[in-house]
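Keep the structure open while reading.

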Amino acid sequence: MSESIMVSNLTKRFGELVAVDHISFKVKRGEFFGFLGPNGAGKTTTIRMLTGVIKPDEGTALVMGYDIERESIKAKQVMGIVPETANAYIDLTVWQNLMFMGELYGVPKEERKRRGESLLRELGLYDRRDFKVKGLSKGMKQRLLLCMALINEPEILFLDEPTVGLDVRSARSIREILQKLNEKGVTIFLTTHNMEEANQLCNRIAVINHGKIAAIDTPERLKRVMKGLQHVEVSFDKPTPLESLAKLPYVNDVRKIGNSIRLYTDSPCDLVCYIVDYVREKKLKLISLEVLNPKLEDVYLKLIEGGKQP
Ligand SMILES: Nc1ncnc2c1ncn2[C@@H]1O[C@H](COP(=O)(O)OP(=O)(O)OP(=O)(O)O)[C@@H](O)[C@H]1O
Ligand SMILES: [Mg+2]
């Protein structure tokens, strides 16, 4: 089977609230799949259902071919999980936590020692192995959680915002590790609020909002389809009223971004000519002018603001 995750009509309610609302999607084997959405969109709830922590109210999901309800033990054997809130015991050491997790997954003693040592070395935690978890920094804890998720050599890894709150270097090192694992064939299901991260890493991205999937595609296609988000960014030597720029032909929308003005358009080339005329007419000087394609962040905002679906 070429799918690693098959979700059909998956639904979770908390009282009146439908936190996850009949979502369906597939993730291929070996894919790096991003799951994006605003706070409260239903990302963690989805991950918790897929990893067998909570039961869905409706719908089904297969992970690596195993039904998450009927074959949850088999499914769990092939997954690694980095949950939203730390699942390490703070009064145990790094090494004890790791060995405990290995034991839980039934990894034989010698094997878990070997894997544990190699993971700690790879993630730069080896010198901290005898530290209690409560004495670790956030970045170190996050790396330990990743080690714990990898101790059973999973075929599929679920990560709920693994880089949140990390400094630039630690976040990058986690991204590099994920990329390497993915290159070795591990399927990755990642939630993140970091658009650049999703753009860099993911083969495909699903955007979830109010429990429903708003879009699902490659980052490139999501950006391309959103043509209306193309824009020209200009800055002038003098303050310029946004209203007069909004009246130029081909302008769909205007926004002030720092010192520059962003003009959204379907036709950047035509618009540039009009900007040049405008500058001459108003006796302004152009400080900068740049034609930009939409960033994933723009596409994302448009989607979750209830804008058009690609
Ligand atoms: N155990 C629970 N009991 C009641 N409501 C819950 C529970 N877990 C989640 N919810 C609600 O379900 C909705 C989705 O929450 P979820 O944690 O899945 O969001 P999220 O997309 O992970 O958000 P974030 O980006 O903030 O982590 C929210 O409205 C949340 O308040
Ligand atoms: Mg969450």
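The centres of domain 1 and domain 2, taken over C-alpha atoms, are separated by 42 Å. Domain 1 covers 3-223 and domain 2 covers 227-293; such bounds come from an automatic or database domain assignment. This is a predicted model: local features need pLDDT of at least 70, side-chain atom pairs count only at pLDDT 80 or more, and totals for chains, interfaces and linings use all residues. Residues are numbered from 1 along each chain as its sequence is written, while chains are lettered from A and ligands numbered from 1 in the order in which they are written.

**Overall build**

- Along the principal axes, the C-alpha atoms of the protein fill a box of roughly 80 × 45 × 35 Å.
- The protein has eleven helices and 14 strands. Helices (H or I, at least four residues) and strands (E, at least two) are DSSP runs, numbered from the N terminus.
- Of the 310 residues in the protein, 38% are buried. Buried takes 20 or more other C-beta atoms within 10 Å of a residue's own, exposed 12 or fewer, and partly exposed lies in between, with C-beta atoms placed from the backbone.
- Among contacts between residues at least 6 apart in sequence, 69% join residues at least 24 apart. A contact puts two C-beta atoms, placed from the backbone, within 7 Å.

**Ligand 1**

- The shell around ligand 1 consists of Phe14, Leu17, Ala19, Gly37, Asn39, Gly40, Ala41, Gly42, Lys43, Thr44 and Thr45. Each has its C-beta atom, placed from the backbone, within 6 Å of the ligand.
- Strand S2 (17-28) and helix H1 (43-50) are the elements that give two or more residues to this shell. H1 gives the largest share, three residues.
- By class, the shell has four nonpolar, six polar and one charged residues. Here Ala, Val, Leu, Ile, Met, Phe, Trp, Tyr, Cys and Pro count as nonpolar, Asp, Glu, Lys and Arg as charged, and the others, Gly among them, as polar.

**Nonpolar cores**

- The largest nonpolar core has 67 residues, of which Val63 and Cys147 touch the most other members. A nonpolar core is a set of buried Ala, Val, Leu, Ile, Met, Phe, Trp, Tyr and Cys residues joined through C-beta atoms within 7 Å.
- Helix H5 (residues 138-150) supplies the largest share of this core, seven residues.
- Cys147 touches Leu98, Leu119, Leu120, Leu123 and Leu125, leaving out residues up to four places away in sequence.
- Another core, of seven residues, lies apart from the largest one; Val234, Phe236, Leu263 and Leu271 are among its members.

**Positive phi and local detail**

- Met64 is not a glycine, yet has a positive phi of about 50°. Met64 lies in the loop between strand S4 (58-63) and strand S5 (66-67). Met64 counts as buried because it has 20 C-beta neighbours inside 10 Å.
- Glu153, also not a glycine, has a positive phi of about 45°. Glu153 sits in the loop between H5 and strand S7 (156-160). Glu153 has 13 other C-beta atoms within 10 Å, so it is partly exposed.
- Helix H10 (residues 268-281) has 14 residues, which at 1.5 Å a residue should span 20 Å; its end C-alpha atoms are 20 Å apart, in agreement. The expected span is 1.5 Å times one less than the number of residues.
- Tyr264 lies in strand S13 (residues 260-265). Tyr264 is partly exposed, with 19 other C-beta atoms within 10 Å.
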